[in-house]
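Dear colleague,

My notes on it follow below.

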Amino acid sequence: VDKPYKWGGGHQHLYDNGFDCSGSISHILYRVKLLDRPLTSSTFAHYALPGRGNYLTVYVKPGHHVFMEVCGLRFDTSGSRAGEGPRWRVVSRSREGFYPRHLAYL
């Protein structure tokens, strides 16, 4: 949070000065020990199990975008201003074209 959007950010270094969509999701999942390396939006398409989780769901449009929802809050790089970067957001977004992924126990 509070880092700018940076294409490719969070992939070479999990602790970066900016993040893209998949880099920001990778960073969070890595920090809570649910991921062991950064993933791209394409590789997130194979993360965990298909479908929505009870508490955590990662939404993937392979090769384009990834965001996640945790207990109804959305963590996403797309928001109200261009280049704003990853933020927690209370407003949902369209999930059309996205594939939900979840961990069995979450």
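A contact here means that heavy atoms lie within 4.5 Å. Please keep in mind that this is a predicted model. Among contacts in the protein chain between residues at least 6 apart in sequence, 45% join residues that are at least 24 apart.

The protein chain holds 1 helix and 6 strands, and from the N terminus on its elements run α-β-β-β-β-β-β. Its radius of gyration is 12 Å, close to the 13 Å that the globule rule gives for 106 residues, so the chain is as compact as a globular protein of that length. The C-alpha atoms fill a box of roughly 30 × 30 × 25 Å along the principal axes, and buried residues make up 42% of the 106 residues.

Strand β2 (residues 56-61) is where I looked in detail. Because 5 of its 6 residues are buried, β2 is largely enclosed by the rest of the structure. It pairs in the antiparallel sense with strand β3 (residues 65-70) over 6 bridges, and T57 has E69 in β3 as its bridge partner. In the hairpin that these two strands form, 3 residues lie between the strands, and G63 takes a positive phi near 80°. β2 also pairs in the antiparallel sense with strand β6 (residues 99-102), over 3 bridges, with V58 standing opposite R101 in β6.

As for the surface, the protein chain exposes about 6,100 Å², of which carbon and sulfur atoms supply 54%. The mean positions of its 14 positive and 8 negative charges are 2 Å apart.

With best wishes

Key:
Residues numbered from 1 in each chain as written. Predicted model: local features only at pLDDT ≥ 70, side-chain atom pairs only at ≥ 80, totals over all residues. Heavy atoms only, no water. Buried < 20%, exposed > 50% of the residue type's maximum accessible area, 1.4 Å probe, protein only. Helix = DSSP H or I, 4+ residues; strand = E, 2+ residues; numbered from the N terminus. Pairing = 2+ DSSP bridges. Rg over C-alpha atoms; globule rule 2.2 N^0.38 Å. Areas by Shrake-Rupley, 256 points an atom, 1.4 Å probe, with all protein chains shown as cover. Lys, Arg positive; Asp, Glu negative; His and termini not counted. Charge placed at Lys NZ, Arg CZ, Asp CG, Glu CD.
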